[in-house]
Amino acid sequence: MMLWYNFGHHLLSLAALLVIVNCGGGEQRRGTDSSTSSTGGSGSSSSSSSGSGGSGSSSGSSNYSNRRFHKIQHGQCTYTFILPEGDGAGGGSCREAKAGSPQYNANSLQRDAPPPEPDFPSQKIQQLEHIMENYTQWLQKIENSIKESMKMEMAQLQQSAVHNHTAAMLEMGTNLLSQTAEQTRKLTDVETQVLNQTSRLEIQLLENSLSTNKLEKQLMVQTNEISKLHDKNSLLEQKMSEMEMRHREELETLKQEKGSLQTLVGRQSGVIRELEAQLSRATGNSTALQRQQQEMMDTVHNLLNLCSKDGVVPNSTKVADEEKKFRDCADLYQAGFHKNAIYNIQINSQETKKVYCNMETAGGGWTVIQRREDGSVDFQRTWKEYKMGFGSVSAEHWLGNEYVYQLTSQRQYALRVELTDWDGHQAFSLYDRFQIGSEKQNYRLFLKSHSGTAGRQSSLVIHGADFSTKDMDNDNCLCKCALMLTGGWWFDACGPSNLNGMYFTQGQHIGKLNGIKWHYFKGPSYSLQATAMMIRPLDFS
């Protein structure tokens, strides 16, 4: 009975229970206390109590206003229960405390009833059991709430840990993916390079195989040729041996013939000496004949002189005497020669020159200095050839820069340029003043006053230009016009005309910059069919 009394006494003391909850360093106090005074003994005791949830427990003594504590560890939280003072070393029971002192102890329970009798009634025991059940339920609720809070906190901790772990894993995955992508890209580049190198090697192998096949074929062909050459050499050796035999025989016969020829030469030498003697005698006779011929010529001249005194002169003698005095075709025309033909003119006091005279065009008296008609003469000539002239006077020709210079130095001349296209249309350009300088002046061209039907503007350089050929570049262009446009001409800067260019036949005369061109007549790339350059004294009438 006393045991139950003590047990009830402890249960009633739970009314003053104070719960301290410490989670992560923080501290909470929960519970009820019927008295706030702190009296009583000091001391500490520890007891172990099992907690629900399998979280282990630990208890110890703590000095908190000389009270006893009961600690329970659950996860990261520590639950501390402040227990009321019992019957231990620090003090007696509630009954003894009440009897010994007029004041109650702070942890003692206030009793309204008289102290129990030794024979504790069963009703009180049931009441204590009921109270104990209530406290047990209350402790279970506290434990359940603690478990629920612990579960929620654990769930939150697990969720945050999972979230952090997931974020770290995602970051690691992202890094791994980027590294994998970079490595993949590098591997792709390496694979592409390897494929390119492989394809190049394959192409080189194919080329090498093809070249090897070609070389093998060439070797086979050369081997066959060598075998053929061996056969030919053997045949040639046989022929050479045969020819040597024949040559030996022929040499023998030639030696014999040589002996006979030597005897014959000896005989002929004697005959030649006899003929030389006869020739010397005939030469003496010819000198006598020449003297007789000279005497006859003197006699003829005497007769001609006598006839000239009487006014009778043969036509042939008249022509010969008059041609020696003609300076150009204008003089011939004025002397009565009105047919297109070749005549001799007196270029200077020591030299005559055959020229073609046009006695019908525009009043006649024109001395032709250039002519193109069929491409029979090559006009891509040197400086010296253009100086002295070339071609046939009756056909295509260039009279010669030196002769034209001497002619135009005597008196003032006009220039007429006759042009014919491939449709038969004719045109001309007329210059009232034409002269060229000496060779020291590079046969420089001087012109004045252009007119005619071959364009409103002059295709020749009016202000003057030096003459150029393929071996004498005197133009004003770095491109060497004589080589590019062919022929010799007063190019200036490869100007708008070149009547000495390449001759192109019909059908090929379009789009030719190096042809026979006169820009302001048919354009810069039309090659003409025929041209003629003629000069006549400015005072001709």
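Student: Are Arg416 and Glu418 buried or exposed?

Tutor: Keep in mind that this is a predicted model. Residues under 20% relative accessible area are called buried, and Arg416 and Glu418 are both buried.

Student: What do the side chains of Arg416 and Glu418 form?

Tutor: The general idea comes before the case. Side chains of opposite charge can pair when their charged atoms come close. Here the side chains of Arg416 and Glu418 form a salt bridge, with an N to O distance of 2.4 Å.

Student: How many salt bridges does the whole structure have?

Tutor: A search of the whole structure gives 12. One of them pairs Glu385 with Arg381 at 3.3 Å, N to O.

Student: Which residue pairs with Arg444?

Tutor: Asp466 does, in a salt bridge whose closest N and O atoms are 2.8 Å apart. This pair connects distant parts of the chain, 22 residues apart. Arg444 sits in the loop between β11 (426-436) and β12 (445-452), while Asp466 sits in the loop between β12 and α8 (481-485).

Student: Why does Asp466 count as buried?

Tutor: Because its relative accessibility is 18%, and buried means under 20%. Arg444, at 28%, is partly exposed.

Student: Which residues are linked in a network of salt bridges?

Tutor: Arg327, Asp328, Asp331 and Arg411 are linked in this way.

Student: Now the core. Which residues have the most contacts inside the largest nonpolar core?

Tutor: They are Leu415, Phe434, Trp490, Trp518 and Met533, in a core of 54 residues.

Student: What does Trp518 touch?

Tutor: Leaving aside residues up to four places away in sequence, Trp518 touches a set that includes Val417, Leu419, Tyr431, Ala454, Leu460, Pro496, Leu499 and Leu528. Ser429, Ser459, Ser497 and Gly523 are also among its contacts.

Student: How many disulfides does the structure hold?

Tutor: There are 3. To read each one, take the sulfur distance, the torsion about the S-S bond, the place in the chain and the accessibility.

Student: Where in the chain are Cys329 and Cys357?

Tutor: Cys329 and Cys357 form a disulfide with sulfur atoms 1.8 Å apart. The pair links distant parts of the chain: Cys329 belongs to helix α5 (residues 329-334) and Cys357 to strand β6 (residues 352-358), 28 residues apart. The torsion of -75° about the S-S bond goes with a left-handed link. Cys329 is buried at a relative accessible area of 0%, and Cys357 is buried at 0% as well.

Student: Which cysteine is joined to Cys477?

Tutor: Cys479 is, with an S to S distance of 2.4 Å; the cut-off for a disulfide is 2.5 Å. The link of Cys477 and Cys479 is right-handed, with 125° about the S-S bond. Cys477 is partly exposed at 23% relative accessibility, and Cys479 is partly exposed at 33%.

Student: Why is the disulfide of Cys481 and Cys494 left-handed?

Tutor: Because the torsion about its S-S bond is about -95°. The S to S distance between Cys481 and Cys494 is 1.8 Å. This pair also links distant parts of the chain, with Cys481 in helix α8 and Cys494 in the loop between α8 and β13 (497-498), 13 residues apart. Both Cys481 and Cys494 are buried.

Notes
Residues are numbered from 1 along each chain as its sequence is written. This is a predicted model: local features need pLDDT of at least 70, side-chain atom pairs count only at pLDDT 80 or more; totals for chains, interfaces and linings use all residues. Side-chain values use heavy atoms; hydrogens and water are left out. A salt bridge is a side-chain nitrogen of Lys or Arg within 4 Å of a carboxyl oxygen of Asp or Glu. Buried means under 20% relative accessible area, exposed over 50%, partly exposed in between (1.4 Å probe, protein chains only). Helices (H or I, at least four residues) and strands (E, at least two) are DSSP runs, numbered from the N terminus. A nonpolar core is a set of buried Ala, Val, Leu, Ile, Met, Phe, Trp, Tyr and Cys residues joined through side-chain atoms within 4.5 Å. Contact means heavy atoms within 4.5 Å.
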